[in-house]
Amino acid sequence: MTLSFRALMGACAMGALCTAAAAQSTTITVATVNNGDMIRMQGLMDAFNEAHPDITVEWVTLEENVLRQRVTQDVATKGGQFDVMTIGTYEVPIWGERGWLVSLDDLPESYDVDDILPAIRGGLTVDGSLYAAPFYGESSMVMYRRDLMEAAGMEMPDAPTWEFIKEAAAAMTDKDNEVYGICLRGKAGWGENMAFLSAMANSYGARWFDMDWKPQFDSEEWKATLTDYLELMNEYGPPGASSNGFNENLALFQSGKCGMWIDATVAASFVTNPDESTVADQVGFALAPDNGLGKRGNWLWAWNLGIPAGTQNEEAAKTFVEWATSKEYTALVAEKEGWANVPPGTRQSLYDNQDYLDAAPFAQMTLESINAADPQNPTVDDVPYVGVQFVAIPEFQGIGTAVGQQFSAALAGQVSAEQALSMAQQLTEREMTRAGYIK
């Protein structure tokens, strides 16, 4: 009887201890995109688990479009389905302003927020508060064939003008041998052709909107942008360019069919990989072009980790975000996978690291490209919006894609540049009036 009582009391004591331990353990759900960097992180979670045995991380890994739909719905309703979300530079300022994200201003001093590149940090900041931590960042730049440039008797400057790009494209084009002087995005979409054209327009002094939110597609700056773009592509670009996005142009460049390609800095590792690119040993890099107005035609993007305001596990979520975007995580990836595979484009310390610079010959140009972009002041004249290759308002996804369809149609020869700009002006003005921006 006594032994049974003691056994029962011991079992109760152990149960209490187990219950207390369980109560102290927290499970967080991380929604993320199915790209290589995020998949790699899931394979390195042993390091996090060892440092934080009281936090269990569950992953929901989704294709980009599905991810965006799921997390937008959850954050808007404060559904609490996710504790950490992988979101882009487009979403952060909109959601931060609406109070949908938890501020990260209280990250510990050891995290070194000041190490985050100013251009990247600026796109994630609302009224002085940081609302997401960057996992990796990118800009855009010129990738070009050094052998074709040399054969044309030209030398690519580190900071070319659009006029030079046009001259070089003409000199390198050899259509009989299916070599085209330049490859650019033509596929319609706010994140496809309009990412490139919005950035190009910035360097021409064009704006999406003036300070009263009135569309500016009837301006001389937009006319010059679209006219020069169409001339470049029609005279020196590949056939069927209105269907080409990032992946199509990457394939063209890697197979030796492009003299120049202006696109995401993240492509640099692909075009210089001898296992994937037939021209790997001939690739050079330059900043995106300008028109002498103080702005270059390069964009700015980052994949970031944000915490929705609806989470019940804020502290555990912050602990994970801090770890996943830290300098220590970069060192972990370098140790396990090599420096060439670390998440790029977020911290100055990475670009001060000689080991990384030696492993990535495109690193310095990537850094310069990112630093040249300013999401707070994206174009020559003042604008009421934040964003370089996009406008950080909820309506932009629909408007940007509709405008992109007009410009893609112009590239396909279905409408003139003037008609495309006129339609862009009309549809944008209509939607902005409907949304209440224009009274």
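Is tryptophan 95 buried or exposed? Tryptophan 95 is buried, with a relative accessible area of 5%. Welcome to this predicted model, whose mean pLDDT is 92, with 95% of the residues reaching 70 or more. One stretch calls for care: over residues 1-23 the pLDDT is below 50, and beyond near neighbours in sequence this stretch has zero contacts in the model. Where pLDDT is low, the predicted coordinates should not be read in detail. The points below walk you through some places to look at on screen.

**Aromatic pairs**

- Searching the whole structure turns up 31 aromatic pairs.
- One of them joins tryptophan 95 and tryptophan 100 in a tilted arrangement, 6.2 Å from centre to centre and with 50° between the planes.
- Tryptophan 100 counts as buried at 16% relative accessibility, and tryptophan 95 is buried too, at 5%.
- Tryptophan 301 and phenylalanine 390 make an edge-to-face pair, with 6.1 Å centre to centre and 85° between the planes.
- This pair links distant parts of the chain, 89 residues apart: tryptophan 301 belongs to strand 9 (residues 300-306), while phenylalanine 390 sits in the loop between helix 17 (363-372) and helix 18 (396-411).
- Both partners count as buried because they fall under 20% relative accessible area: tryptophan 301 has 13%, and phenylalanine 390 has 3%.

**Two arginines to find**

- Arginine 347 lies over the face of tyrosine 111, at 4.7 Å from the ring centre.
- Arginine 145 is part of strand 6 (residues 133-145), and this residue is buried, with a relative accessible area of 9%.
- From there, the side chain of arginine 145 reaches the backbone oxygen of glycine 256 at 3.0 Å.
- Leaving aside residues up to four places away in sequence, arginine 145 touches Met172, Phe253, Gly256, Cys258, Gly259, Val279 and Gln282.

**Helix 17 and its surroundings**

- Which residues of helix 17 are buried? They are Ala363, Met365, Thr366, Leu367, Ser369 and Ile370.
- These buried residues pack against several helices, namely helix 6 (118-122), helix 15 (348-351) and helix 16 (354-359).
- They also pack against strand 6, strand 8 (283-287) and strand 9.
- Two of these strands have already come up here: strand 6 holds arginine 145, and strand 9 holds tryptophan 301.

Notes. Residues are numbered from 1 along each chain as its sequence is written. This is a predicted model: local features need pLDDT of at least 70, side-chain atom pairs count only at pLDDT 80 or more; totals for chains, interfaces and linings use all residues. Side-chain values use heavy atoms; hydrogens and water are left out. pLDDT is the predictor's confidence in each residue, from 0 to 100. Contact means heavy atoms within 4.5 Å. Rings of Phe, Tyr and Trp (its six-membered ring) pair if their centres lie within 6.5 Å; planes under 30 degrees apart count as stacked, over 60 as edge-to-face and the rest as tilted. Buried means under 20% relative accessible area, exposed over 50%, partly exposed in between (1.4 Å probe, protein chains only). Helices (H or I, at least four residues) and strands (E, at least two) are DSSP runs, numbered from the N terminus. A charge sits over a ring if NZ of Lys or CZ of Arg is within 6 Å of the ring centre and within 35 degrees of the ring normal. A polar contact is a pair of N or O atoms within 3.5 Å; within protein, one must be able to donate a hydrogen and the other to accept it, and residues adjacent in sequence count only if both atoms are side-chain atoms.
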